[in-house]
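Thanks for coming. Please have the sequence and the structure open.

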Amino acid sequence: MTTERPAAVAPTLPAPRSAAGERPAPAPDRATRGGFLAKAFGITAVLSAAGSALGLLRDLLLARYFGANQGTDAFLVAWTVPETAAPLLIEDAMSFLMVPAFALALVLREEDPDAPDPVRQLVRATLPWLLLALTGLALAAALGAPQLVELLAPGLPDPGLAVTCTRITAITVLPFGLVGYLAAALRAHHRFTAPAGIYVVHNLGILAVLLGFHASLGVRSAALGVAAGSLLMAGLLVGPFLRRLRQGPPGARTGRARRSPQALVLMPLALLPVGAFTLTRQAQVFVERYLGSALPPGTISHLNYAAKVSQLAMTAGILICTVTFPLVARALAAGDLTAARDRVEKDLGQAAAVVLLGTAFLMACAPSVVSLLFERGAFGPGDTAATADVIRVYSFGLPAQALIGVMIRPYFSLRPVVRRADDPGTDDGRRRLLDWYPAAVMVLGLGVTVVTGLLATPGFGALGLAAGNAAGITTTAALLLRGLVLRGIPLRLRRVLADHGRLVAAAAGATVLGTAVAGLAADPLLSTLLGGLTVALAFAALGTGLGAHEVRGPVLAAARALNPPTPAEEGKRPHGQ
């Protein structure tokens with residue numbers, strides 16, 4: 001494997017099967033694939049829900065022990081380091097790069113199992129350099145903590161605590177990067193259990209340190225917990241990764257391996273547009289922290305608590321594309337653009353349905369949800385009202401956040417960090433320019449965020465920052481939808497937009513009804529239950545009535561499960577229905 005010229009390391013992947021007369025590789029049986037997806041999604045959903053619940057408990061304890069003040073603002077500035085490293089090194093950039101790379105290596109292994117194992121060669125070519133780079137980044141973040149704090153939040157009255165916490169959280173860069181690499185390899189092998197459990201052990205580490213040392217160390221205990229949790233994450237994945245790596249192809253185990261005359265090329269420059277996109281996307285948080293540091297103390301904390309609650313609505317939507325991403329990457333590696341398109345369109349619809357349901361719930365029940373979760377200890381009614389208002393404004397951007405998560409994966413899969421040596425179109429100028437399209441539209445969206453924030457913050461405070469976030473990310477999502485077509489995945493945009501329009505209409509109606517019902521009860525728990533039930537029923541009814549198949553299908557399936565047909569009715573159905 002080389003970075004400039006082909007080296008004989010693995011057999012090449014067949015050219016994309018787009019020409020007439022060429023037959024795509026046989027697809028797995030639909031029932032088998034459906035069963036695999038259901039099982040993988042179930043495992044991932046349960047463990048991710050557990051991780052989210054523990055993360056929520058972490059935030060509840062932070063609010064209980066420390067409230068929303070200068071101390072929590074200092075920790076949240078330090079939290080920017082792992083908050084940036086997590087999407088860059090775990091879920092987003094590392095996944096965008098390495099899942100397609102391992103998918104390609106696995107396709108090559110299946111084609112010629114007697115050749116040197118391309119998976120092992122990929123690991124040897126990339127992992128040592130990655131560990132070296134991560135170590136350097138961690139040291140740079142720790143040594144440059146004072147400058148980082150000054151850059152991120154120049155308005156902090158006492159930056160010393162933020163500097164200390166930043167130096168502690170800088171440790172996370174190395175284990176986070178290793179976790180992202182190992183998780184990508186395991187997911188490409190269709191192993192989802194261990195990767196889905198990383199946030200469970202991460203939050204357990206934070207909670208253990210927080211519970212044991214909050215009284216003596218204050219908010220520093222949270223920073224130490226973040227560092228300890230990151231080490232636990234890496235430890236969870238090392239064993240499963242090594243077991244998969246040792247298995248290898250049959251030829252490697254029996255000693256029948258032979259050298260292949262074909263080659264793969266490592267393309268390190270593919271890292272740049274992926275990293276630029278991820279960092280620019282995360283820069284929305286930087287903008288909020290920067291502008292929020294000049295607002296009254298506690299503003300950054302209100303934004304953080306609101307973001308954490310709002311992101312819960314996106315969890316299931318993102319899980320969908322997390323599970324299906326290896327399938328999309330395999331289809332693209334084999335040149336099957338039609339299968340990739342169908343999968344992406346389905347993911348877009350399912351993610352939108354799930355996230356819009358969650359968005360409607362948050363808009364309807366935000367005050368009662370925040371009161372129920374946070375209003376205790378040092379977190380008072382004023383904090384509840386401020387956080388709930390921010391949640392409602394944030395929620396306008398949640399569908400766009402989820403859709404970007406779905407679209408960006410196949411976009412970067414078309415130019416992975418490794419490629420076939422004989423791919424004739426990989427290095428043309430147009431494709432290289434399109435590599436930077438997501439980063440460019442993210443910069444435009446960030447510009448919308450900055451302008452909106454600067455204009456709205458003087459009059460609306462934290463709500464202006466939240467509005468800027470929602471406007472900027474929605475702008476990016478609209479442009480990226482078009483970019484996916486330019487990239488070569490032939491999405492049927494009219495069909496996609498029509499489906500989303502029906503879902504948005506259903507969510508809007510459910511929000512209005514849920515808000516009215518939630519306001520009838522003063523007790524936070526009762527208000528949340530009544531409002532949530534109303535939103536769910538209204539969304540199901542309106543979505544079914546409007547013909548949104550992402551809603552109609554599950555509703556009809558649930559109806560059949562609750563009222564199964566009698567044997568006589570089954571006999572009246574046409575054969576096969």
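R343 and D347 are both buried, where buried means under 20% relative accessible area, exposed means over 50%, and partly exposed is in between, with a 1.4 Å probe and protein chains only. Before I go on, this is a predicted model, in which local features need pLDDT of at least 70 and side-chain atom pairs count only at pLDDT 80 or more, while totals for chains, interfaces and linings use all residues. Residues are numbered from 1 along each chain as its sequence is written, and side-chain values use heavy atoms, with hydrogens and water left out.

Back to the pair. The side chains of R343 and D347 form a salt bridge, 2.9 Å from N to O; the term requires a side-chain nitrogen of Lys or Arg within 4 Å of a carboxyl oxygen of Asp or Glu. The two residues are four apart in helix α15, so about one helical turn separates R343 from D347. Helices here are DSSP runs of H or I with at least four residues, strands are runs of E with at least two, and both are numbered from the N terminus. As background, an α-helix has 3.6 residues a turn, so residues three or four places apart point the same way.

How many salt bridges does the structure hold? There are six salt bridges. One of them joins R492 to D342, with the closest N and O atoms 3.3 Å apart. R492 sits in the loop between α20 and α21 (493-518) and D342 in helix α15 (residues 337-374), so this pair ties together parts that are 150 residues apart in sequence. R492 is partly exposed at 31% relative accessible area, and D342 is partly exposed at 34%. R492 and D342 also belong to a network of salt bridges that includes R341 and E345.

Within helix α21, D499 and R502 are three residues apart, about one turn. They form a salt bridge whose closest N and O atoms are 2.5 Å apart. D499 counts as buried because its relative accessibility is 11%, whereas R502, at 26%, counts as partly exposed.

Next, helix α14. The 19 residues of α14 (residues 315-333) should span 27 Å at 1.5 Å a residue, and the end C-alpha atoms are 27 Å apart, which agrees; the expected span is 1.5 Å times one less than the number of residues. α14 has a kink of about 45° at T324, shortly before the proline P326. The bend at a residue is the angle between axes fitted to the seven residues ending there and the seven starting there. In α14, 15 of the 19 residues are buried, so the helix is largely enclosed by the rest of the structure. After α14 comes G335, with a positive phi near 80°.

Is T476 buried or exposed? T476 is buried, with a relative accessible area of 0%. T476 is in helix α20 (residues 462-487). Leaving out residues up to four places away in sequence, T476 touches I404, V441, M442 and G445, contact meaning heavy atoms within 4.5 Å.

L529, in helix α22 (residues 524-546), is exposed, with a relative accessible area of 53%. L132, in helix α4 (residues 118-143), counts as exposed at 56% relative accessibility. The C-alpha atoms of L132 and L174 are 9.1 Å apart in space, and the two residues are 42 apart in sequence.
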